Amino acid sequence: MRRPATAAPFVIGTVLAGTLLLTGCGGPASAEPGGGRAELSVNSSYMPQPVSDSMAAGFLTIVNNGDAKDELTSVTSDAAGDVTVHETVGGAMRQVDRLAVPAHGRLVFRSGGNHLMFDQLKHKPEQGQTVTLDLHFAKSGDLRVEMPVKSATYNPATGH
């Protein structure tokens with residue numbers, strides 16, 4: 001038994017329309033396979049008031065509540081000529097190009113561990129001021145942070 005010739009274009013058209021509709025449902029480029037993405041935020045940021053006119057340290061916690069990992073690739077600030085990312089392993093500090101922010105995890109910057117170094121300060125930040133910095137991530141884009149300047153001996157309750 002033969003089907004009428006008019007059914008074939010209707011079926012093909014329906015299949016193509018459905019395919020186009022589903023193609024439009026894709027997530028953003030930063031999504032991981034399976035639809036997950038990083039959901040980043042920052043808390044507990046601070047800069048101890050620097051004792052030097054040219055250099056300072058910065059500490060914070062990056063929280064990822066998303067289903068995908070991301071990587072911190074760089075940090076910039078108008079307050080310094082250069083901001084570098086450092087990790088401390090086995091008591092030795094070294095500059096790194098990137099640090100991972102795990103899915104459903106945290107990347108902690110604390111005294112004696114991972115930290116930011118602000119070099120070539122444009123002015124010496126004083127306690128009570130804030131320093132603006134931009135965190136740059138591999139997939140999630142940029143995140144602006146207002147980092148308060150605390151006393152040089154500040155020891156946060158969060159342990160970093």
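**View 1. Glu71 and Arg98 meet in a salt bridge.** In this predicted model, the side chains of Glu71 and Arg98 come to 2.6 Å, N to O; a salt bridge here means a side-chain nitrogen of Lys or Arg within 4 Å of a carboxyl oxygen of Asp or Glu. Glu71 sits in strand 3 (residues 70-77) and Arg98 in the loop between strand 5 (92-96) and strand 6 (99-101), so this pair ties together parts that are 27 residues apart in sequence. Strands (E, at least two residues) and helices (H or I, at least four) are DSSP runs, numbered from the N terminus. Glu71 is partly exposed at a relative accessible area of 28%, and Arg98 is partly exposed too, at 42%. For these words, buried is under 20% relative accessible area, exposed is over 50%, and partly exposed is in between (1.4 Å probe, protein chains only).

Residues are numbered from 1 along each chain as its sequence is written, and side-chain values use heavy atoms, with hydrogens and water left out. Because the model is predicted, local features need pLDDT of at least 70 and side-chain atom pairs count only at pLDDT 80 or more, while totals for chains, interfaces and linings use all residues.

**View 2. Arg94 forms a salt bridge with Glu87.** Look here for the closest N and O atoms of the pair, which are 2.3 Å apart. Arg94 is partly exposed, at 49% relative accessibility, whereas Glu87 is buried, with a relative accessible area of 13%.

**View 3. Arg144 and Asp134 form a salt bridge.** Their side chains meet at 2.8 Å, N to O. Arg144 belongs to strand 10 (residues 141-150) and Asp134 to strand 9 (residues 130-137), so the pair ties together parts that are 10 residues apart in sequence. Arg144 is exposed at 56% relative accessibility, while Asp134 is buried at 17%. The structure holds three salt bridges. Side chains of opposite charge can pair when their charged atoms come close.

**View 4. Strand 8 pairs with strand 2 and with strand 4.** Strand 8 (residues 115-121) is mostly covered, with five of its seven residues buried. Four bridges join strand 2 to strand 8, and the two run antiparallel; strands pair if DSSP finds at least two bridges between them. To find this pairing, look for Gly58, whose bridge partner in strand 8 is Leu116. Strand 4 (residues 80-89) is also antiparallel to strand 8, over six bridges, and here Ala80 has Leu121 as its partner.

**View 5. The largest pocket is lined by 14 residues.** About 200 Å³ of space lies in this pocket, a volume being the space filled by probe spheres set on grid points joined across faces, edges and corners. On a 1 Å grid over the protein atoms alone, a pocket is an open set of points where a 1.4 Å probe fits, with protein on both sides within 12 Å along at least five of seven lines; lining residues have an atom within 4 Å of a point. Pro48, Gln49, Pro50, Val51 and Ala57 lie nearest the pocket centre. Strand 1 (40-48) and strand 2 (55-64) are the elements that give two or more residues to the lining, and strand 2 provides the largest share, four residues. The lining divides into 11 nonpolar, three polar and no charged residues.

How values were computed:
Ala, Val, Leu, Ile, Met, Phe, Trp, Tyr, Cys and Pro count as nonpolar, Asp, Glu, Lys and Arg as charged, and the others, Gly among them, as polar.
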